[in-house]
Structures are given as structure tokens and as C-alpha cells.
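Please look over the structure below with its ligand site in mind.

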Amino acid sequence: MNPHWKVWIPLWAALSHGFAAEPPADEWTRARQQMVKTQLEARGVRNAAVLAAMRKVPRHELVPASEREWAYGDSPLPISEGQTISQPYIVAYMTEQLDIRRGERVLEIGTGSGYQAAVLAELGAEVFTIEIVAPLAERAKADLARLGYRSVHVRAGDGYRGWPEQAPFDAVIVTAAPETIPQPLVDQLRVGGRMIVPVGDAYQELVMIRKTKHGIKKERLIPVRFVPMTGEVEKHD
Ligand code: SAH
């Protein structure tokens with residue numbers, strides 16, 4: 001007897017899962033849920049909206065094809081042009097610290113892959129994001145449009161001077177590390193606004209800035225490792 005099923009069952013399995021090593025959509029969802037549980041909740045991220053956004057944004061759609069299978073791992077990943085997408089925990093931590101409300105206007109410096117911007121958009125923010133490496137800005141713009149993130153506005157350029165036409169902002173997030181905090185970004189915060197920025201060189205710390213009626217309050221948070229902020233800021237270091 002000719003055991004046809006021995007041929008057809010594996011062929012059916014290959015066809016229904018695709019020939020490439022691409023997990024089906026629900027496996028990506030499962031990987032994201034696992035990431036949220038083991039990397040975020042386990043380390044104390046509690047904000048329900050942030051956790052929901054991190055369960056939703058398809059990180060694997062924003063990293064290069066060669067990095068896809070590691071998209072939900074506990075580490076930063078190379079994007080291209082020598083840049084990196086931050087570790088999921090750091091994205092969640094910074095987003096939680098900013099305490100974003102629906103409808104708020106957020107400025108991001110360092111678009112990179114567009115992942116952080118997408119997380120902010122899921123929280124209901126209008127996001128203005130600037131990327132100094134033009135091909136990265138173009139790539140992120142196309143990827144975010146493809147994924148339907150219409151409330152993210154991407155601009156190629158040096159973010160040092162912010163986006164004055166769209167200021168003031170409720171929040172500013174800097175995802176490349178300057179050695180000194182760019183004053184124009186602080187100026188573009190509204191009273192009540194929050195800014196988070198990794199500051200330093202070999203040793204960096206996240207710094208939280210709150211603008212109050214009485215002035216600026218600065219708080220040092222955790223040690224981090226970001227790529228350096230380049231461009232005009234280097235003249236001020
Ligand atoms: N937030 C990104 C990761 C950023 S990596 C994400 O979610 O993927 C840091 C990015 O900041 C890099 O892409 C780098 O090119 C960019 N960058 C560095 N200096 C900058 C500047 N002065 N203005 C705008 N972007 C800058």
C-alpha cells in the first residue's frame with residue numbers, strides 16, 4: 001500500500017504554516033503576552049494602559065527581517081545604520097514614568113524603528129517624532145503608515161531644537177543619550193509637562209524633568225545604555 005498520508009500531512013502542515021520560519025499571527029501574540037508577563041509585570045510595570053499597548057504593538061513588524069525571531073526577547077536589537085531599538089522593559093518603563101493621557105501631545109527625539117512612537121500612539125497620544133538618520137526616518141514613516149498609526153508624525157532632522165511649530169508638548173521623550181540636557185526641549189514643555197531623557201556618556205542615567213509653575217524639578221531614575229545623541233548637542237557637551 002502506498003502511504004500517501006506520509007507525504008501529504010507534512011506538505012499540508014508546511015503549507016498551512018508557511019514555508020518560511022515565520023510563526024503564525026497568534027504565535028506572535030503569544031510571544032508578546034509572554035514578554036509582558038515575564039519582562040514587564042515581573043519587573044514591576046503596573047500601568048494597565050502601558051501593558052495593554054505593549055501587548056498590542058507588533059514589534060516584529062518594526063525590526064529588520066533578520067531580527068524578527070528575537071523581536072520579543074529581553075534585549076535591545078540592532079535596527080540599521082548602527083542604531084538600536086530599546087529593550088521592551090526600557091520602553092515600558094519610560095512610557096510608564098511619563099504617565100501619558102489620551103489626547104496628549106508628545107515629542108520624541110530618536111524615532112529609530114518607530115516602536116516607541118507606536119506604543120505612545122496606542123496610549124492615545126498625538127506623537128511628533130524626529131530622527132536624525134534620514135533613511136531610518138523614511139523607513140519608520142513607511143512602517144508606521146503601513147501599520148495604521150495615523151497619529152504619529154515623523155520628521156527627518158536633528159531633534160536638538162525640538163519641533164517649535166507644534167510646541168508646547170505635554171511630554172517629551174528622548175531615546176538617544178545627550179551629555180547635557182538640550183534646553184530647547186525643556187522650553188517646549190508646557191507647565192505640568194514631563195520629560196524623560198537618558199543623560200551621560202559611558203555611564204548614563206534616565207532623568208525625569210517636571211515643569212511646574214515654580215520651575216523645573218529633576219529626578220534621577222535608573223542607569224541605562226542608549227546610543228549617543230548626535231548633531232548640535234555635541235557642541236554643547
Ligand atoms: N525610540 C527608538 C530607538 C531609538 S535609538 C525605537 O523605538 O526604535 C536612538 C535613535 O536616536 C537613533 O535612531 C539615532 O539615529 C537617533 N538620534 C540620535 N541623535 C539624534 C538627534 N540629534 N535627533 C534625532 N534623532 C537622533
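What volume does the largest pocket have? The largest pocket has a volume of about 570 Å³, where a volume is the space filled by probe spheres set on grid points joined across faces, edges and corners. This is a predicted model, in which local features need pLDDT of at least 70 and side-chain atom pairs count only at pLDDT 80 or more, while totals for chains, interfaces and linings use all residues. Residues are numbered from 1 along each chain as its sequence is written, and side-chain values use heavy atoms, with hydrogens and water left out.

**Ligand surroundings**
- The ligand is surrounded by 26 residues (a heavy atom within 4 Å), and the closest are Ser 113, Glu 131, Asp 158, Gly 159 and Thr 230.
- The shell divides into 11 nonpolar, 12 polar and three charged residues, with Gly counted as polar.

**Polar contacts (N or O pairs within 3.5 Å)**
- Backbone N or O atoms lie 3.0 Å from a ligand nitrogen atom in the case of Gly 110 and 2.8 Å from a ligand nitrogen atom in the case of Thr 230.
- A polar side-chain atom of Thr 175 lies 3.1 Å from a nitrogen atom of the ligand.

**Pocket**
- The space taken by the ligand is the largest pocket.
- The lining of this pocket comprises 35 residues, and Thr 84, Thr 175, Ala 176, Phe 226 and Val 227 lie nearest its centre.
- By class, the lining has 17 nonpolar, 14 polar and four charged residues.

Definitions and conventions. Polar contact = N/O pair within 3.5 Å; in protein donor to acceptor, adjacent residues only side chain to side chain. 1 Å grid on protein atoms, 1.4 Å probe; cavity = no way out; pocket = protein on both sides within 12 Å on 5 of 7 lines; lining within 4 Å. Sits in = over half its atoms within 2 Å of the grid points.
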